[in-house]
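Hi everyone, thanks for coming. Let's have the sequence and the model up on the screen, and then I'll walk you through a couple of spots.

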Amino acid sequence: MVLGVVYLIVLAALFATSDGMRDYNGRPLGTDFSNVYAAGQMARDGDGVRAFDPHYHLARQAEIFNDPDIPVYGWHYPPFFLLVAAALALLPYTAAYLFWQAATLPLYLRAVSAIAPGRTSLVAALVLPATFVNFTHGQNGFLTAALIGAAMALLDRRPLVAGVLIGLLAYKPQFGVLIPLVLIATGRWRVIGAAAATIAGLVAASTLAFGPGVWPAFIDNMRFTNTAIVDGGGRAGKGAKPLRRASPSRRAGRYRHGGAGRAGAGARRQRCAAVAFARRSGRQGRGIDRRVLAGDALCPRL
């Protein structure tokens, strides 16, 4: 509980020292959320394809925050996540950021409660440092953890629903390798079918909304992501630096979405998710190992 009070004090200080959109250091409130909001504005304005062009995306961020040296927060999600981003962009920036966290936090807590019922689990989920980091950085980890946790909890009882939830996870493509392998290995064909149908529906919806050109743009953006995050180690030297040629600054010199550490964390999260699914599937009588499931869902920075 003490940790929770500390979090609240820090959050209050963060907002009290901000200008309503940027913190005391000139960064957007919710940092990473700024990339979602900028892409959403572009999609809402009929410019969804250009949201995948880092130059245009950064220019929109600079426009939103009235700061040509705004740190670079890249947009790397598949086109169907533009549908969510566009809806959020209907609100003013700070309201959208707070709404996103307020809407997804209960889903995360509900998944934790379904896996490990009891007050202790909910308190642990709330005071987990990753929960605080997810909130302050405006990330989508609450939603990701909720989808994973709920899917695993429903894997046997409601396989079609579990498949839909796994399909919705396609906005995080890094989960698209190990989880399907475990599902195939355990013969969960109904889950696989529901997940595939969900992904097909998302692809169709985003193509209709933004045009077929959005997919080549996304693929090109993935190449930039690989250069800026994986090869460049998260620094602007190999991928993001060209975005700053016209306006160099120390504050903007770091590519803010990723880094080698976050790429490594992504690989670890894949392994954790796969282990959880494997443990879930391999229990005698196909029962739920709630400790494993809770351990996975209690990590919202996915």
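**A buried histidine and a helix pair**

Let's start with His57, which is buried, with a relative accessible area of 3%. Keep in mind that this is a predicted model. His57 sits in helix H3, which covers residues 54–65. So who are its neighbours? Leaving aside residues up to four places away in sequence, His57 touches Asn35, Ala38, Ala39, Met42, Arg50, Ala51, Tyr73, Gly74 and Trp75.

Now please turn to another part of the model. How do helix H5 and helix H7 pack, and at what angle? H5 spans residues 93–115 and H7 spans residues 129–136, and the two pack at an angle of about 150°, with their axes 10 Å apart. Angles over 145 degrees count as roughly antiparallel, so that is how H5 and H7 run relative to each other. On the H5 side, the contact is made by Tyr97, Leu98, Gln101 and Tyr108, and H7 brings Thr131, Asn134, Phe135 and Thr136. If you sort the residues in this H5–H7 contact by class, you get 4 nonpolar, 4 polar and no charged residues.

Let's stay with H7 for a moment. Which of its residues are buried? They are Ala130, Thr131, Phe132, Asn134 and Thr136. The buried residues of H7 pack against H5, and also against helix H1 (2–16), helix H6 (119–127) and helix H8 (141–153).

One last thing to look for on your screens: just after H7, Gly138 takes a positive phi of about 60°. Thanks, and I'm happy to take questions!

Notes
Residues numbered from 1 in each chain as written. Predicted model: local features only at pLDDT ≥ 70, side-chain atom pairs only at ≥ 80, totals over all residues. Heavy atoms only, no water. Axes fitted to C-alpha atoms, helices over the stretch in contact; angles between N-to-C directions. Helix = DSSP H or I, 4+ residues; strand = E, 2+ residues; numbered from the N terminus. Parallel < 35°, antiparallel > 145°, perpendicular 65-115°, else oblique. Contact = heavy atoms within 4.5 Å. Nonpolar A, V, L, I, M, F, W, Y, C, P; charged D, E, K, R; others polar. Buried < 20%, exposed > 50% of the residue type's maximum accessible area, 1.4 Å probe, protein only.
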